[in-house]
Amino acid sequence: GKKNVIAVDKALYIFGNLYTGYKNVWLIENDVYYTNEAFHKLYKNVTADKPDLTIRNFDINENGNSSNPENWWFLFKKQREYVSSPPWYHAMACAVQLSRKFLNEIRRYAARKGHLAFVENFYVTLAKHYGHTVNPTPVFDTILWRHNFSCADLTACPECFFHPVKKPLIC
């Protein structure tokens, strides 16, 4: 079935349909830790490279094998009507940059389908299937599903983005 509407769906609607004057939109969840230095360096690189999507490095499922329920491919099995045919892609999507061109693609997809898929599977799959440029950046390599970061972790890489950081750390 269809998934519930969540904050990122609302943000995609707002920046895809209402506030369309931006060349790039950054969506960063509130449990992602980063410094001003990290964001400015990333922003400078994205401005120079002009990708349609900046995201954490992604995994690929070339042939659509979804037999292992322990891995994330099961989401596609449940959402076959939401996504294209393989290859399918997956990436942590708690910090992303989306170009106007890609936001327009997302808007067109939502208009055709009437809904969006889970962004972890949706962003890179849509981008790759429709010829958009994808920039997996190493500063997002510290964006993980589950991890307990220490102050030493955060200070060891001031140019990195960290996820999840649920409780404030005083370093």
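The side chain of D31 makes a polar contact of 2.6 Å with the side chain of K166. A polar contact of 3.1 Å also links the side chain of D31 to that of H163. Bear in mind that this is a predicted model.

Where is D31 found? It is in the loop between β1, residues 24–28, and α2, residues 36–49. Is D31 buried or exposed? Its relative accessible area is 7%, and the limit for buried is under 20%, so D31 is buried. Setting aside its neighbours within four places in sequence, D31 is in contact with F162, H163, P164, V165 and K166. H163 and K166 in that list are the partners in the polar contacts, at 3.1 Å for H163 and 2.6 Å for K166.

Next, the helices. Two packed helices are described by the angle between their axes and the distance between the axes.

Take α1, residues 7–18, and α4, residues 100–113: they pack at an angle of about 110 degrees, and their axes are 9 Å apart. Angles of 65 to 115 degrees count as roughly perpendicular, and α1 and α4 are therefore roughly perpendicular to each other. On the α1 side the contact is made by L12, F15, G16 and N17, and on the α4 side by R100, L103, I106 and R107. By type, the residues of this contact of α1 with α4 are four nonpolar, two polar and two charged.

α4 also packs with α5, residues 119–129, at an angle of about 100 degrees with the axes 11 Å apart. α4 and α5 are therefore roughly perpendicular to each other as well. Here F102, E105, I106 and Y109 of α4 meet F122, Y123, L126 and A127 of α5. The residues of the contact of α4 with α5 divide into seven nonpolar, no polar and one charged. I106 of α4 is listed in the contact with α1 and in the contact with α5.

Last, the aromatics. How many aromatic pairs are there? The count comes to 12. In the pair of F15 and Y19, the ring centres are 6.5 Å apart and the planes are at 50 degrees, so the pair is tilted. F15, which is one of the α1 residues that meet α4, has a relative accessibility of 23% and so counts as partly exposed. Elsewhere in the list, W26, Y34, F39, Y43, F140 and F161 form one aromatic cluster.

Definitions and conventions:
Residues numbered from 1 in each chain as written. Predicted model: local features only at pLDDT ≥ 70, side-chain atom pairs only at ≥ 80, totals over all residues. Heavy atoms only, no water. Helix = DSSP H or I, 4+ residues; strand = E, 2+ residues; numbered from the N terminus. Buried < 20%, exposed > 50% of the residue type's maximum accessible area, 1.4 Å probe, protein only. Polar contact = N/O pair within 3.5 Å; in protein donor to acceptor, adjacent residues only side chain to side chain. Contact = heavy atoms within 4.5 Å. Axes fitted to C-alpha atoms, helices over the stretch in contact; angles between N-to-C directions. Parallel < 35°, antiparallel > 145°, perpendicular 65-115°, else oblique. Nonpolar A, V, L, I, M, F, W, Y, C, P; charged D, E, K, R; others polar. Phe/Tyr/Trp six-rings, centres within 6.5 Å; stacked < 30°, edge-to-face > 60°.
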